[in-house]
Amino acid sequence: MESDIALPKATIKQLIQKSISPIYKSSASGITDIIADLSHDFIAIISEKSFEECQNNGKKTIIPEHVISAMTHLNFAMDSNEITTFLEELEKLKALKPKEQLKLKKHGVSEDQLLEEQEKLFASANEFNLNIEKKEILEEDKEDYD
């Protein structure tokens, strides 16, 4: 691999062990490096094609649709269907995730109460710091008289 960026070999090895038959559990030690190199190249190719799709659409940020389009253009249509299904499931999960405001309502604390509590905490922290500074000054003065 020419780049310093690499996929974690421990993760790749774990994936290999999970995906191959128990009969072939003992794989050659170099297989992890080969799969890491191939995976890196695959990601680089998909990323480059996704970037091209992004630019062709006049966008600055690659979005999942650019990746799916890139995979389709690279003849990975079956994989792009799986990605589309995964993204749909992810969106459903995001919709179920409680929003921050719902969390606040659930706990029975208003935003104003939280801000008030935060102000009190800041004030007590400032007072604590002032007391420490006063003690340090008193100790320095005491040392000057000793």
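I began with Asn-75, which I found in the loop between helix 3 and helix 4. Helices here are DSSP runs of H or I with at least four residues, strands are runs of E with at least two, and both are numbered from the N terminus. I noted that the model is predicted, that local features need pLDDT of at least 70 and side-chain atom pairs count only at pLDDT 80 or more, while totals for chains, interfaces and linings use all residues. Residues are numbered from 1 along each chain as its sequence is written, and side-chain values use heavy atoms, with hydrogens and water left out.

**Asn-75**

I looked up the backbone of Asn-75 and found phi near 65°, a positive value in a residue other than glycine. For comparison I wrote down that most residues other than glycine have a negative phi. Asn-75 follows helix 3, and I recorded it as exposed because its relative accessibility is 69%; exposed means over 50% relative accessible area, buried under 20%, and partly exposed in between, with a 1.4 Å probe and protein chains only.

**Whole chain**

Buried residues make up 10% of the 146 residues. Among contacts between residues at least 6 apart in sequence, 33% join residues at least 24 apart, a contact meaning heavy atoms within 4.5 Å.

**Helix 3**

Which residues of helix 3 are buried? I found His-66, Ile-68, Ala-70 and Met-71, and the buried residues of this helix pack against helix 2 (31–56) and helix 4 (77–96).

I then took His-66 by itself: it lies in helix 3 and counts as buried because its relative accessibility is 3%. Leaving aside its neighbours within four places in sequence, I listed the contacts of His-66 as Ser-50, Glu-53, Cys-54, Asn-57, Lys-59 and Thr-61.

Pro-64 is also placed in helix 3, which covers residues 64–73, but Pro-64 counts as partly exposed, at 38% relative accessibility. I noted that Pro-64 and Thr-84 are 20 residues apart in sequence and 8.6 Å apart in space, C-alpha to C-alpha.

**Helix 1 against helix 2**

Two packed helices are described by the angle between their axes and the distance between the axes, and I looked up both values for this pair. The axes of helix 1 (residues 9–19) and helix 2 come within 9 Å and cross at roughly 105°. That makes helix 1 roughly perpendicular to helix 2. The contact is made by Lys-9, Ile-12, Lys-13 and Ile-16 of helix 1, with Ile-31, Thr-32, Asp-33, Ile-35 and Ala-36 on the side of helix 2. I sorted these contact residues into five nonpolar, one polar and three charged.

I kept the conventions beside this entry: axes are lines fitted to C-alpha atoms, for helices over the stretch in contact, and angles run from 0 to 180 degrees between N-to-C directions. Angles under 35 degrees count as roughly parallel, over 145 as roughly antiparallel, 65 to 115 as roughly perpendicular and the rest as oblique. Ala, Val, Leu, Ile, Met, Phe, Trp, Tyr, Cys and Pro count as nonpolar, Asp, Glu, Lys and Arg as charged, and the others, Gly among them, as polar.

**Salt bridges**

How many salt bridges does a search of the whole structure find? I recorded two, a salt bridge being a side-chain nitrogen of Lys or Arg within 4 Å of a carboxyl oxygen of Asp or Glu.

One joins Lys-49 and Glu-52, with the closest N and O atoms 3.6 Å apart; these residues are separated by about one helical turn because they stand three residues apart in helix 2. I found Lys-49 partly exposed at 21% and Glu-52 partly exposed at 34%.

In the other, the side chains of Glu-116 and Lys-120 meet at 3.6 Å, N to O, and both residues lie in helix 6 (residues 111–145), four residues apart. Glu-116 is partly exposed at 47%, whereas Lys-120 counts as exposed at 54%.

**Aromatic pair**

I found one aromatic pair in the structure. Phe-42 and Phe-76 form it edge-to-face, 5.3 Å centre to centre and with 90° between the planes. The pair links distant parts of the chain, with Phe-42 in helix 2 and Phe-76 in the loop between helix 3 and helix 4, 34 residues apart. Rings of Phe, Tyr and Trp (its six-membered ring) pair if their centres lie within 6.5 Å, and planes under 30 degrees apart count as stacked, over 60 as edge-to-face and the rest as tilted. I noted Phe-42 as partly exposed at 36% and Phe-76 as partly exposed at 29%.
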